[in-house]
Amino acid sequence: MAMENFKHFLVVLSVAAAAGLVSIIFVLRWVLHFREGLAWDGGPAEFNWHPVLMVIGFIFLQGTAIIVYRIPWTWHRSKLMMKFIHAGLNLLAFILAVISMVAVFDFHNAAKIPNMYSLHSWVGLAAVILYGLQLVLGVGMYLMPFTPASWRAAFMPLHVYGGLFLFTSVIAVALMGITEKLIFSLSDPKYKDSPPEAIFVNVLGLLLVVFGALILWIATRKSWKRPSEQILHTLHTDGGVEDSSKVGPALSQLSDVPNEETCGDVRKRSCKLDDQPNLLVNN
Ligand code: HEM
Ligand code: HEM
C-alpha cells in the first residue's frame, strides 16, 4: 500500500474503531445507568443482554471480521491464518447473537409478551439465520481443502455481497430495535419529550451508522485489498515483507493479477475482470 493510501487507511480505521468502541460504551451505559442493569432472571435486566450482545457481537465483531484481511500489518501472515481469524470472529459474533436472541425470547416468555410480532424481529431473525448459512458456506468453501478452486472463485462475489448485505441489514435492524425500545420504555417523560435517555440513545444509533458506513468504505476500496499470495511470495523471497510499504509498487505493477480465491492457481481466461472482488486494481 502506497504511503498516502496507508495514511488514509489509518485515519478511516481509527475513526471506525473509535465509533465502534464508543458504541459499546454507550450501550453498556444505557442498560446499566438508564435501565435495569444486567441479569439472567427472566426480567427486564435479562432483556438488556439483547442490545448489549447484539452491539458487541453482531455489529462490532462482525464489522471487525469483515475488514481483517485489509489490515496491512497482517499481510506477512499466511492467508490461512487470516481465514481462521475472519471465520473465528464471525463465529463468535454468531454465538453472541444467538445468546442475545435467547435472552429476549426468554424475557418475552416469562412476561407473557408475544414473540415475533414486529418488523424488527422478522428482519432480525432472517439476518441471524442467513448469517448462519453464510458461516457454514464460508467454512465449506474456503476452509475445506478439497473444495475446487473454481467453486471458491465462482462463490466469492456472492460471499462478499452476502456479507456486506447482512452487515448493513443488521445495523438497520439495530436502529429499529433501539427506536422500538425507546418508544416502549420511556413513559414519563415520553420519547417525544426528548429526555436525556432519548438523546443519549439516539446518539448510540448515530454511532452505529457511522461505524457501518466506515466499515463498508474500507471493505469496498479495491486499492486497500490484501495483495495476492503470489505477490506476497515474491516479496518474501526478495528479502521479506516486514516493510509493508513495499507492497505498494508491486501491487500497482501487477494490477490485473487475480487473488488466490478468485481464479485458483491457474490464471484462466474465463476469469472475468469486472466481477472479481479480489483483483488488485487500484481505484
Ligand atoms: C426483539 C433480533 C438488536 C430491541 C427481537 C427479536 C429478534 C430480534 C429476532 C424477537 C424476539 C421475540 O420475539 O421474542 C435482533 C437483531 C438485532 C437486534 C438481529 C441485531 C442488531 C436490537 C437492539 C435493540 C433491540 C440494538 C435495542 C434495544 C428489541 C426489542 C425487542 C426485540 C425491544 C422486543 C420487541 C420485538 O419483538 O420487536 N430482536 N435485535 N434489538 N429487540 Fe432486537
Ligand atoms: C471475504 C463476510 C464467513 C472466508 C469476505 C468479505 C466479507 C465477508 C464482507 C469481503 C472482505 C474484503 O473484501 O476484504 C463474511 C461473513 C461471514 C463470513 C459476514 C460469516 C457470516 C467466512 C468464513 C470463511 C470466509 C467462515 C472461511 C474461511 C473468506 C475469504 C474471503 C472473505 C477467503 C476473501 C478475502 C480476500 O481474499 O480478500 N467475507 N465472511 N468467510 N471471506 Fe468471509
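Tutor: The discussion below takes the overall fold, the ligand site and then single residues. This is a predicted model, in which local features need pLDDT of at least 70, side-chain atom pairs count only at pLDDT 80 or more, and totals for chains, interfaces and linings use all residues. Residues are numbered from 1 along each chain as its sequence is written, chains are lettered from A and ligands numbered from 1 in the order in which they are written, and side-chain values use heavy atoms, with hydrogens and water left out.

Student: What makes up the secondary structure of the protein?

Tutor: The protein has 10 helices and 0 strands, and its pattern along the sequence reads α-α-α-α-α-α-α-α-α-α. Helices (H or I, at least four residues) and strands (E, at least two) are DSSP runs, numbered from the N terminus.

Student: Which residues are closest to ligand 1, and how many surround it?

Tutor: Ligand 1 is surrounded by 26 residues, with His50, Asn115, Met116, Ser118 and His120 the closest. A residue counts as near a molecule if one of its heavy atoms lies within 4 Å of it.

Student: What is the make-up of the shell around ligand 1?

Tutor: The shell divides into 16 nonpolar, 8 polar and 2 charged residues. Ala, Val, Leu, Ile, Met, Phe, Trp, Tyr, Cys and Pro count as nonpolar, Asp, Glu, Lys and Arg as charged, and the others, Gly among them, as polar.

Student: Why is the pair formed by Ser118 and ligand 1 called a polar contact?

Tutor: A polar contact is a pair of N or O atoms within 3.5 Å; within protein, one must be able to donate a hydrogen and the other to accept it, and residues adjacent in sequence count only if both atoms are side-chain atoms. A polar side-chain atom of Ser118 is 2.4 Å from an oxygen atom of ligand 1, so the pair qualifies. A polar side-chain atom of Glu180 lies 2.7 Å from an oxygen atom of the ligand. For Met116, a polar backbone atom is 2.6 Å from a ligand oxygen atom.

Student: Which element gives the most to the shell around ligand 1?

Tutor: Helix 6 gives the most, with 8 residues.

Student: Why is Met54 called buried?

Tutor: Buried means under 20% relative accessible area, exposed over 50%, and partly exposed in between (1.4 Å probe, protein chains only). Met54, with a relative accessible area of 14%, is therefore buried. Met54 belongs to helix 3. Leaving aside neighbours within four places in sequence, Met54 is in contact (heavy atoms within 4.5 Å) with Ile59, Ala97, Ser100 and Met101. Of the 283 residues of the protein, 49% count as buried.

Student: Are Lys112 and Ser194 buried, partly exposed or exposed?

Tutor: Lys112 has a relative accessible area of 74% and is therefore exposed, whereas Ser194, at 43%, is partly exposed. Lys112 lies in the loop between helix 4 and helix 5, and Ser194 in the loop between helix 6 and helix 7.
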